[in-house]
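Try each task before reading its solution.

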Amino acid sequence: MATPTTPIHEMRAFNRFYTNLIGALDYSRHLYVPYTLTESRVLYELARSPRTDAADLRSELSLDAGYLSRLLAKFERDGLVERAPSADDSRRQRITLTARGRDAAELLDERSREAVGSLLADVPPADRSRLAAAMRTVREILEDGRRQGRGKGRRRANVTLRGPGPGDLGWIVQRNAALYAAEFGWNAEYESLVARIVADFAQDHDPHLERVWIAEADGRPAGCVMCVRDEVPGTARLRLLLVEPDARGHGIGDQLVTACVEFARGAGYRELTLWTNDVLESARGIYKRHGFVLVAEKPHRSFGVDLVGQDWRLPLHERPA
């Protein structure tokens, strides 16, 4: 039997809580409508795509073919749907909502929005965005797991780059410290270095010559990079490139470096430099793809471990081939 600390226990506990919260076990009474939860889902899918093949509907909702056939027969008797052979394939059955069916679907949608609205009314406004983000995270993790289990690979994330908002600079420090400690065993020396870099930027930077980007994947912070002035005149420095582990494989690192390079070139810098360490293989691969060249390396002991530091540079007077 699963112990209370396992993901299985937590998921089952959440399922019991949530099905009770939304009234899934007595859906018709909960929303004051004459339809079960499954019947309501079928009407919702038909309303979202007014003409749907029965086979597609069965696949989308993971329903037994016989059960779906009986449910659609009931809807047909009630005047909610019409069934006919598909125009594309006579072996497939096309399902179309009638005017009465559309009215029923609209009623369900209205009652469902009212029910969710009443739930959110009890949630403090400051917690609503956190709740929505947490629910989105649960859905994305489970969806990706199902795709990988079916051999379909990961869903491509919706990535956008933006400037830092309130709390984002603190997030850069926290995630750099936590991530490099977890992946490479770096100690608090690295967090101190990152904090100084970020504090210097926050205290005094020229927005025309220095910039920070936050990468958002599906609405949550997933990466970052900075472009700051170097001590050498005419030189910019790329700093603190980071991509969250669960967001890797979506090209976020490349997008961040591209933004940094294009900004530095547009700001009139002659070259862009960076310092990294040999253990950061993925990052070094990104730098190479963008035309950076390794110009020096030196062993050192920092952040509690032995490393090989590397200096890379990219001339900006011409675009790399």
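A residue counts as buried under 20% relative accessible area, as exposed over 50%, and as partly exposed in between (1.4 Å probe, protein chains only). The model is predicted, so to speak of local features pLDDT must be at least 70, and side-chain atom pairs count only at pLDDT 80 or more, while totals for chains, interfaces and linings use all residues. Numbering starts from 1 along each chain as its sequence is written, and side-chain values use heavy atoms, with hydrogens and water left out.

**Exercise 1. Classify Ser62 and Leu240 as buried or exposed.**

Step 1: Ser62 has a relative accessibility of 57%, so it counts as exposed.
Step 2: Leu240 has 11%, and therefore counts as buried.
Step 3: Now place them. Ser62 sits in the loop between α4 (54-61) and α5 (65-77), whereas Leu240 belongs to strand β7; helices (H or I, at least four residues) and strands (E, at least two) are DSSP runs, numbered from the N terminus.
Step 4: Check the backbone. Ser62 is not a glycine, yet its phi is positive, about 55 degrees; Leu240, also not a glycine, has a positive phi of about 55 degrees.

**Exercise 2. Find what surrounds the side chain of Arg92.**

Step 1: Locate Arg92 in the loop between β2 (81-85) and β3 (93-97). Its relative accessible area is 29%, so Arg92 is partly exposed.
Step 2: List contacts, meaning heavy atoms within 4.5 Å. Beyond the neighbours within four places in sequence, Arg92 touches Asp53, Ala55, Asp56, Ala84, Pro85 and Ser86.
Step 3: Look for polar contacts (N or O atoms within 3.5 Å; within protein, one must be able to donate a hydrogen and the other to accept it, and residues adjacent in sequence count only if both atoms are side-chain atoms). The Arg92 side chain has one with the side chain of Asp53 at 2.8 Å, and another with that of Asp56 at 2.8 Å.
Step 4: Compare sequence and space. Asp53 and Arg92 are 39 residues apart in sequence, with 6.5 Å from C-alpha to C-alpha.

**Exercise 3. Trace the open sheet of seven strands.**

Step 1: Write down the order, β4-β5-β6-β7-β8-β10-β9, with mixed pairing. Two strands pair if DSSP finds at least two bridges between them.
Step 2: β4 (159-162) and β9 (293-302) each pair on one side only.
Step 3: Zoom in on one pair. β8 (residues 271-277) and β10 (residues 305-315) run antiparallel over seven bridges, and Leu274 has Trp312 in β10 as its bridge partner.

**Exercise 4. Which residues have the most contacts inside the largest nonpolar core?**

Step 1: Define the set: buried Ala, Val, Leu, Ile, Met, Phe, Trp, Tyr and Cys residues joined through side-chain atoms within 4.5 Å.
Step 2: The largest such core has 52 residues, and Leu238, Ile252, Leu272, Tyr287 and Phe292 have the most contacts inside it. Helix α10 (residues 252-266) gives the largest share, eight residues.
Step 3: A second, separate core has 19 residues, including Leu46, Phe75, Ala104 and Ala105.
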